[in-house]
Amino acid sequence: MEQTNVGRSGLRIPRLGLGTLTWGAGTDREAASEILRLFTSAGASLIDVTPQHTTGTAALEYLGTFLGSEISREDLIISAAAGTLPDQPVGRRVDCSRRGLLNQLDSYLRLLGTDHLDLFSIDYWDELTPVAEVADALDYAVRTGRVRYVGARGLSGWQLAVLRAAAPVAARGVVAASGEYNLLNRLPEQELLPSAHHHQVGFIAGAPLAHGVLTGKYREQNASAQGRSAEAHAYSEARDRAIVEALTTAALGLNISATTAAIAWVLAQPGVDATLVGARTLEQCEEAFAATEVQLPKAIIEALDDISL
C-alpha cells in the first residue's frame with residue numbers, strides 16, 4: 001500500500017488506516033483480530049484506538065492482547081487521542097490540562113503494554129486550559145519518549161494555528177490534524193484544510209463513509225424512526241439522499257461498490273494524507289483496500305462536487 005509523509009514531518013503512514021469504533025460494540029475480540037491481520041497484511045499498518053463513549057477502552061484492551069502474541073509492535077503505527085472523558089456527563093468531558101492528557105496517555109500505554117504511541121492527539125479544544133499548557137504537555141510527552149509525534153482532532157482552522165504556534169519547539173509541534181470528512185461533510189474545506197496546508201500539517205480524514213450512510217445501506221429504510229440509527233437520522237435530508245444516490249450511480253458505472261467510491265473520493269482530495277476506515281467483515285475490508293487503487297475520473301469528481309458543494 002502507498003505510504004505518505006504526514007505533512008512535512010518524518011512520520012510515514014499508509015493512506016488507509018484502521019478505525020476501531022466498533023470494537024467492543026458489534027466487533028468482538030476474535031473478529032477484531034482477524035480484521036487487524038487483514039489490514040496489516042495489505043500494508044495498512046496505521047490503527048487508531050481512541051476510547052469511545054459507547055465502547056470505553058475496548059479497542060485499547062483488544063490491541064493490548066494482540067501485541068506480541070499476534071502482531072509485532074514494530075509492525076504497527078498506533079494512534080490515539082486524549083483530552084475528552086467519554087464516561088463523564090456532557091459539560092465535563094473535555095480536559096486537555098497537563099494532568100489530564102498525561103494521565104490518559106499513561107493509562108493507554110498500560111492497557112496496550114507498550115512504552116509509546118506513534119501519534120498522540122488532543123481530541124478537542126479546551127476552553128478552560130491555556131493553550132500554552134496544552135502544547136507544553138504534548139511536547140513533554142515527546143521529550144519523555146512516550147510519544148513519537150503529536151496531532152489534534154476536532155479543531156477549527158484558527159485553533160490549529162494557535163496550537164501550532166504555541167509549540168515550544170517547532171520540530172515537536174503538531175504534525176497532523178484530523179476531522180470527519182466525507183461527501184456529506186465537507187466543512188474541513190472551509191477552514192481546517194487550508195490552515196493545515198498553510199502550517200504544513202498533515203490531515204487524516206475520519207468517517208469517510210459518513211458512519212455507513214455513504215455505503216447506501218440506509219437507502220431502503222423508510223422515513224420513520226423505527227429501525228433507523230442516529231447516523232441515518234443525521235444524514236436524512238434531501239441533499240444527503242441525493243448525494244448517496246449520485247455516488248451509488250457513479251460506483252455502478254465504474255463497476256465498484258459505493259463504499260470503494262466514497263473512500264476513493266476522500267483520498268483524492270487535496271491535502272488528505274490518509275483516512276481511517278472501520279470494517280466489520282472481510283468484504284468491507286476488501287472494498288476499503290480497493291479504494292487505494294481506484295482513481296476516480298475527473299468527470300465523476302466534478303459531478304459529485306456539483307451535488308455536494
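Please keep in mind that the model is predicted.

Let's start with the open space. The largest pocket has a volume of about 1,700 Å³. Its lining is made up of 47 residues, and those closest to the pocket centre are Leu21, Gln52, Glu180, Ala207 and His211. Several elements each supply at least two residues of this lining: strand 8 (174-180), strand 9 (202-206), helix 9 (258-268), strand 10 (274-277) and helix 10 (282-291).

Next come the helices. Helix 1 (residues 29-41) packs against helix 2 (residues 58-66) at an angle of about 65°, and their axes are 10 Å apart. The two helices are therefore roughly perpendicular to each other, and their crossing is right-handed. On the helix 1 side, the contact is made by Arg29, Ala32, Ser33 and Leu36, while helix 2 brings Glu61, Tyr62, Leu63, Thr65 and Phe66.

| Site | Nonpolar | Polar | Charged |
|---|---|---|---|
| Lining of the largest pocket | 19 nonpolar residues | 19 polar residues | nine charged residues |
| Lining of the second largest cavity | seven nonpolar residues | one polar residue | one charged residue |
| Contact of helix 1 with helix 2 | five nonpolar residues | two polar residues | two charged residues |

Conventions. Residues are numbered from 1 along each chain as its sequence is written. This is a predicted model: local features need pLDDT of at least 70, side-chain atom pairs count only at pLDDT 80 or more; totals for chains, interfaces and linings use all residues. Side-chain values use heavy atoms; hydrogens and water are left out. On a 1 Å grid over the protein atoms alone, a cavity is a set of points where a 1.4 Å probe fits but cannot get out, and a pocket is an open set with protein on both sides within 12 Å along at least five of seven lines; lining residues have an atom within 4 Å of a point. Grid points are joined across faces, edges and corners, and a volume is the space filled by probe spheres set on the points. Helices (H or I, at least four residues) and strands (E, at least two) are DSSP runs, numbered from the N terminus. Ala, Val, Leu, Ile, Met, Phe, Trp, Tyr, Cys and Pro count as nonpolar, Asp, Glu, Lys and Arg as charged, and the others, Gly among them, as polar. Axes are lines fitted to C-alpha atoms, for helices over the stretch in contact, and angles run from 0 to 180 degrees between N-to-C directions. Angles under 35 degrees count as roughly parallel, over 145 as roughly antiparallel, 65 to 115 as roughly perpendicular and the rest as oblique. A crossing is left-handed if the near helix is turned anticlockwise from the far one by less than a right angle, and right-handed if clockwise. Contact means heavy atoms within 4.5 Å.
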